[in-house]
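Visitor: I am new to this structure and would like to learn how to read it, one feature after another. Could you take me through it slowly?

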Amino acid sequence: MNERILVTGAKGQIGSDLAIALRDRYGAKQVIETSRRPLSASDANRLPYEVLDVTDKRRLQELVEQYRIETIYHLAGVLSAKGEQYPDRCWQVNIDGLRNVLEVAKTHRLKVFWPSSIAVFGPHSPKMGTPQFAIEDPSSLYGITKAAGEMLCRYSADRFGVDVRSLRLPGIISHRALPGGGTTDFAVEMFYDALKYGSYTCFVRPDTRLPMMYMPDAIAAILALMQANSTAIAVRSSYNVAAVSFSAVELVAEIQTHLPHFTCDYAPDFRQAIADSWPSVIDDSQARQDWGWQHCYDLPAIVADMLVHLSQHIGSNGAADRAGPQPISGGV
Ligand code: AKB
């Protein structure tokens with residue numbers, strides 16, 4: 001159980017929760033959190049912590065050697081909306097960064113987790129029940145980097161025996177850290193603004209239905225995949241994983257069962273086209289069959305738990321404050 005672990009993108013939405021889960025499981029000293037940003041004073045409990053830009057292969061290699069790392073959870077990435085605004089950075093972080101991780105993993109015989117996304121699918125993929133091996137025709141640059149990244153993972157596993165494992169994550173809903181520039185961010189922002197302002201302007205249409213998952217389920221999926229026996233991992237590109245699918249207006253209605261005065265209006269922007277190109281419901285039966293994936297949280301459970309946690313923080317904790325309506329928030 002004493003694996004030495006390095007987490008990239010540890011200050012991001014998933015990294016913030018995953019690092020805690022890994023520390024609980026493997027011991028605080030075993031988990032080296034890294035991010036492009038220096039540690040802030042309020043994060044002193046996150047040591048050991050190192051600044052790392054994943055496009056810097058030499059620095060990555062130094063840290064792997066210095067801490068005798070055995071497993072990398074490679075979460076640093078530029079999400080779909082930011083990717084359209086900063087295409088060069090999106091390519092560098094998502095492709096060059098992943099290649100660096102896979103190269104170092106090959107040299108040092110490391111195990112790797114890397115998140116892919118439902119964004120690998122596109123307008124010609126089936127929208128309902130998207131199968132594991134459906135056609136991938138991503139229309140966003142982010143989706144293109146994820147589709148290429150999946151091929152890089154499979155190639156590294158087949159050609160060099162790298163033990164790399166991956167999930168095609170849906171939109172992730174959580175309360176610890178904000179997502180940073182994704183298309184599914186509306187499903188998180190809505191909670192903050194419902195509690196803080198009683199209203200939200202949603203950047204996708206009310207009927208926009210996307211696959212979503214609550215953070216505790218996402219963490220459980222990542223840990224289960226990484227613990228599974230290597231022989232059970234039949235898919236080395238990336239597994240479809242699903243939990244719930246709902247439309248923006250269904251999320252509004254569920255929040256209104258707790259906050260009856262909450263109102264939402266709609267002002268779709270460029271993220272609508274990205275959302276429209278993604279599946280509404282994906283089929284994850286291969287993950288359920290190969291390594292026993294199952295989710296726990298449905299929409300009512302997600303909404304109830306989010307509101308309990310966020311109402312404790314909002315107003316009293318700046319970290320939980322998304323600082324008012326913003327077109328695109330967060331960072332890599
Ligand atoms: C995004 O919206 O870009 C991400 C994703 C679904 O990959 N949350």
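Guide: Let us begin with the ligand, which lies between domain 1 (5–170 + 235–240) and domain 2 (173–211 + 243–316), because both of them give residues to the shell around it; the domain bounds come from an automatic or database domain assignment. Please keep in mind that this is a predicted model, in which local features need pLDDT of at least 70 and side-chain atom pairs count only at pLDDT 80 or more, while totals for chains, interfaces and linings use all residues. Residues are numbered from 1 along each chain as its sequence is written, and side-chain values use heavy atoms, with hydrogens and water left out.

Visitor: Which residues surround the ligand?

Guide: A residue is near a molecule if one of its heavy atoms lies within 4 Å of it. Here the ligand is surrounded by Leu79, Ser80, Ser117, Ile118, Tyr142, Gly182, Thr183, Thr184 and Trp278. This shell divides into four nonpolar residues, five polar ones and no charged ones, where Ala, Val, Leu, Ile, Met, Phe, Trp, Tyr, Cys and Pro count as nonpolar, Asp, Glu, Lys and Arg as charged, and the others, Gly among them, as polar.

Visitor: How many residues of helix H6 are buried?

Guide: Buried means under 20% relative accessible area, exposed over 50%, and partly exposed in between, with a 1.4 Å probe and protein chains only; helices (H or I, at least four residues) and strands (E, at least two) are DSSP runs, numbered from the N terminus. In helix H6 (residues 186–196), nine of the eleven residues are buried, so this helix is largely enclosed by the rest of the structure. Among the buried residues of H6 are Phe186, Glu189, Tyr192 and Asp193. Gly198, which follows H6, has a positive phi near 80°.

Visitor: Which residues other than glycine have a positive phi, and what is the general rule?

Guide: Most residues other than glycine have a negative phi, and most peptide bonds are trans. Arg68, in the loop between helix H2 (57–66) and strand E4 (71–74), has a positive phi near 45°, and with 54% relative accessibility it counts as exposed. Arg109 has a positive phi of about 55°; Arg109 is found in the loop between helix H4 (87–108) and strand E5 (111–117) and is exposed at 57% relative accessible area. As for peptide bonds, the one from Leu47 to Pro48 is cis, with omega near 0°, and Pro48 has its place in the loop between strand E2 (31–35) and strand E3 (49–51).

Visitor: How many disulfides does the structure hold?

Guide: A disulfide is a covalent bond between the sulfur atoms of two cysteines, and the criterion used here is a pair of cysteine sulfur atoms within 2.5 Å. The structure holds zero disulfides. Cys153 is in no disulfide, the nearest cysteine sulfur, that of Cys90, being 15 Å away, and Cys153 is buried, with a relative accessible area of 0%. The sulfur of Cys264 is 5.0 Å from the closest cysteine sulfur, in Cys202, which is too far for a bond.

Visitor: Is Thr130 buried or exposed, and what does its side chain reach?

Guide: Thr130, placed in strand E6 (residues 128–130), is buried, with a relative accessible area of 0%, and its side chain reaches the backbone oxygen of Pro126 at 2.7 Å. Ser280, in the loop between H9 and strand E14 (281–282), counts as buried at 9% relative accessibility, and a polar atom of its side chain lies 3.3 Å from the backbone oxygen of Arg209.

Methods: A polar contact is a pair of N or O atoms within 3.5 Å; within protein, one must be able to donate a hydrogen and the other to accept it, and residues adjacent in sequence count only if both atoms are side-chain atoms.
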